[in-house]
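Subject: Structure handover

Hello,

Please find below the structure we discussed. My notes follow it.

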Amino acid sequence: MTRLLKVEKITKKFGNFYANNDISFEVKKGEVLAVLGENGAGKTTLMNILFGHYTPDAGSVQFEGKAIEFGNTNNAIKLGIGMVHQHFTLAENLTVLENIIIGSRSIFSLSLPKRQARIKILELSKKFGLLIDPDELVANLSVSEKQRIEILKTLFLDCKLLILDEPTAALTPQETDALFATIRNMIKSGLSVILISHKLNEILAVSDRIIVLRNGSSVGETDTNSAVREKIAEMIVGKKIDYPKKTKIPRKSRVLSLLDVSYSETDVPSLNAVNLNLYGGQILGIAGVAGNGQTTLAKILSGHLKPTQGKIVINEAGSVYISPKSFMNLGVAYIPEDRNSDGIVGDMEIWENAIMTEMDNLCFRNRLGIINKRTSFDRSKDLCAAYDVRMQSIRQRSRLLSGGNVQKLLLGRWLMRKPKIIIACQPTRGLDEGAIASIQKLLLEAQQNGSAIILISEDLDELLSLSDDITVMYKGMLSDPIETTTTNKLTIGLQMAGDGF
Amino acid sequence: MLKFRLEERAKSPYWLIIVSPFIAIIVAIILAGILIILAGANPFNSYYHLIIGAFGSKNSVAETLARATPIILTGLAASIAFRAKFWNIGAEGQLYFGALATTFFGTGLVVLPSTLMIPFLFIMGALAGGLLLLPLVLLKLYYKVDEVVTTLLLNFVVVLLVSYLLEGPWKDPMSLGWPQGKSVIDEGVLPQVLSKTRLHLGFIISIFLAFSIWFVLKKTVIGYRIKSVGLNSAAASHAGIPIFKTVLVVAILSGGMAGMAGVTETAGLKGYLTLDLSPGFGYAGIAVAMLANLNPIGVIFSGIFLASIYVGADSMSRAMNVPTYLADVIVALTVLCVLLSLIFVHYKILFFGTKKDD
């Protein structure tokens, strides 16, 4: 196979911090290279250098034998490098066709050559098995359909190397398989793919070669055929991973129930007569493809939304006043799915975030409302130590923390309150192996301490290994819970696609 | 070709935070100097007259500080609101509403000894300003009506209301036909703090309020809530911070500060309500808050700075025969330069050259 891309001794510093340190690798024509690494290992920086967002401090990149011009995205696209980001960059109010061709024309051109474009797009869509309707509005599409458009967009611009950043993060197992079929089709036609992912099983299934980055350096390279799962996981983290072990505890009395809860508003996915029971010491897993109402359900369970119909009962008490605050006071903890936009105030310091839920607690303020800095600082230090939040100082701005540390801070903030009920929404999404293991361990510990947990996740492996019972959410409906030991990935995957609803 | 790129600083050095606004002001003064040359005057002489006009005598200092009083208060109004990302552009209207309250209560309806009358008028003015803002906050919270539009437009409604009242029912019969309100009773008039000048107690009160607001924002739960709601209201609400209540408090505080600016002007400077009570003090407050980077203590200095330019520009204009509009130009340039300087405070600028291979 001929060489398509040659990366030589790339070094990129931010201040004194090496984001990439002397990284070299190659991509051949017609192969899938997987880039693995923890958050902050330098994967994204490296890809941003290839795609022309950043200029490295040293090193060179050759594409088809020609040196690429750094810091110039247009040049990268012209050479044939395409990138599909984890967060899509589509205009929701345009059609599929318009979205695909929008980048191919100068903004000063007055016409869009739609007819030729349509022919080319349909051809590509057939060739690579990327089914789409070119005239559908993007706003009406599902996540996997949007991803197909992103991929078509790069193919439309004749890309030879496609970079996929965490492409399976929001797909069902079946959709993931379809994506991998597409990737294999692309390889057959001589394209190359760089795949960034933290899901080891998937990487092992689809890639030809693997490189592992850690702390900005390349720490290993192996053919997928000869790779061993545990070895690679250790390579990524740099030490042995302590995988959490689940021990079942006897079920206690009911702490939360939803009775025929419906929600219908235009701005969020609706819920349709959802019934749910949660018992002390239970972990109830809710599977489902993103956008089927899980977020709405979580917001209702945490008091952020008021159901349009139905009833919520907490601790077998009568009716509850619906507000985040009153749910908090009843012992509900809520880990929101988007930890950066809903969880943490990035521009406030770590200590300020650490005490945010404690503003009514007279340990941290006096009756006049003056904040007691000493006890606040102590609490924040305790929290960071107890839950292993790695930081330089509690006076540091929170958004400089890595994803795993943000999540530990948020989870720790709730666990310090000894919550009766934890609503955890995608608690490990986008985290690396090591951080995933710590978060899962914390959740299991909370269960041991008597908390009941609702775990909403798209990661079936996680649901199967943590939860006692699993239910599936599809189009705002919830299936009857089944004991985890009596079900498997395949059944749940089919249910996620609507089977049995 | 020389290229550059911005890189965010992990922590901005303190000296830079302090020094950058001064550099910005110097740049603005140089830029305005070019305009003065275009207007056919010597910029050095002009600035000399500007400084003398603002600080050259006891009377001019008093005049500058008296002018700064309402601007500091409206600057505080903007600082509080903008910190919570509540875009209150309506300080002008709230100022006039405070002035209406002063006229309503202060011209004989209520008579108290001076030590009670003055606080009473300030409270009424603050309530009036806050109450004017209240329905707009509720519209925003319940129906997501954009507050920039509502607060701005209400300014014109209030000014027209004042005009109606002063031309009609509230017109002072002793005013020889001028559209002005009745005089505030003697017990309510703010005493002079510098004899034989127009500098009144309102200035001291505005400084006191700036420090109080600083304390509230910096040290208390309310300030903490305002900060978190402003920086990330979604995260704040997920941590149990009541968004509704916090924004309500912000609006009352912000409207209250602007309302008190109406009190200082009516009961302090003029003694009665007129149609030209505020030559845009409400809007100047936005510039003051921006110059101070929303810091309440900084508002004192930026308020005095703005006032000195307006007061000084009058004497510069007389002496050098240049238009007084230059004051507005200098203020506008300063705000622009300070906003630009914030980029330098928060980001490092890295220059690098690129070689062309072909």
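**Chain A overall**

Chain A has a secondary structure of 17 helices and 20 strands, where helices (H or I, at least four residues) and strands (E, at least two) are DSSP runs numbered from the N terminus. This is a predicted model, in which local features need pLDDT of at least 70 and side-chain atom pairs count only at pLDDT 80 or more, while totals for chains, interfaces and linings use all residues; side-chain values use heavy atoms, with hydrogens and water left out. Residues are numbered from 1 along each chain as its sequence is written, and chains are lettered from A and ligands numbered from 1 in the order in which they are written.

The radius of gyration of chain A is 24 Å, which agrees with the value near 23 Å that a compact globule of 501 residues would have. That radius is taken over C-alpha atoms, and the globule rule is 2.2 Å times the number of residues to the power 0.38. The C-alpha trace of chain A spans about 70 × 50 × 50 Å along its principal axes.

Buried residues make up 54% of the 501 in chain A; buried means under 20% relative accessible area, exposed over 50%, and partly exposed in between (1.4 Å probe, protein chains only). The accessible surface of chain A is about 21900 Å², and carbon and sulfur atoms hold 50% of that. Areas come from the Shrake-Rupley method with a 1.4 Å probe, and for residues only the protein chains shown count as cover.

Among the contacts in chain A with a separation of 6 or more, 67% are between residues 24 or more positions apart, a contact being heavy atoms within 4.5 Å. Chain A carries 60 positive and 55 negative charges, and their mean positions are 3 Å apart. Lys and Arg count as positive and Asp and Glu as negative, with His and the chain ends not counted; each charge is placed at NZ of Lys, CZ of Arg, CG of Asp or CD of Glu.

Strand β3 (residues 32-37) of chain A has 6 of its 6 residues buried, so it is largely enclosed by the rest of the structure. In a regular strand the side chains alternate between the two faces of the sheet. In β3(A) both faces are covered, with V32(A), A34(A) and L36(A) buried on one side and L33(A), V35(A) and G37(A) buried on the other.

Two strands pair if DSSP finds at least two bridges between them. β3(A) pairs in the parallel sense with strand β8 (residues 192-196) of chain A over 4 bridges, and V32(A) stands opposite V193(A) there. β3(A) also runs parallel to strand β9 (residues 209-214) of chain A, joined by 5 bridges. Within β9(A), I210(A) is the bridge partner of A34(A), and I211(A) stands opposite V35(A).

β9(A) is itself mostly covered, with 5 of its 6 residues buried. β9(A) is joined by 6 bridges to strand β10 (residues 217-223) of chain A, and these two run antiparallel. R214(A) has S217(A) in β10(A) as its bridge partner. The hairpin of β9(A) and β10(A) has 2 residues between the strands, and N215(A) takes a positive phi near 50° in that hairpin.

In helix α1 (residues 43-50) of chain A, 7 of the 8 residues are buried, so the helix is largely enclosed by the rest of the structure. The buried residues of α1(A) include L46(A), I49(A) and L50(A). Just after α1(A), G52(A) has a positive phi of about 90°.

I68(A) is in the loop between β5 (66-67) and α2 (73-79) of chain A. With 8% relative accessibility, I68(A) counts as buried. Leaving aside neighbours within four places in sequence, the contacts of I68(A) are I49(A), L50(A), V61(A), F63(A), N75(A) and L79(A). I68(A) and L50(A) are 18 residues apart in sequence and 8.3 Å apart in space, C-alpha to C-alpha.

**Two lysines in chain B**

Most residues other than glycine have a negative phi, and most peptide bonds are trans. K85(B), not a glycine, has a positive phi of about 55°. K85(B) lies in the loop between α3 (58-83) and α4 (91-106) of chain B, and counts as partly exposed at 40% relative accessibility. K196(B), also not a glycine, has a positive phi of about 60°. K196(B) lies in the loop between α6 (147-167) and α7 (201-219) of chain B, and is exposed, with a relative accessible area of 79%.

Regards
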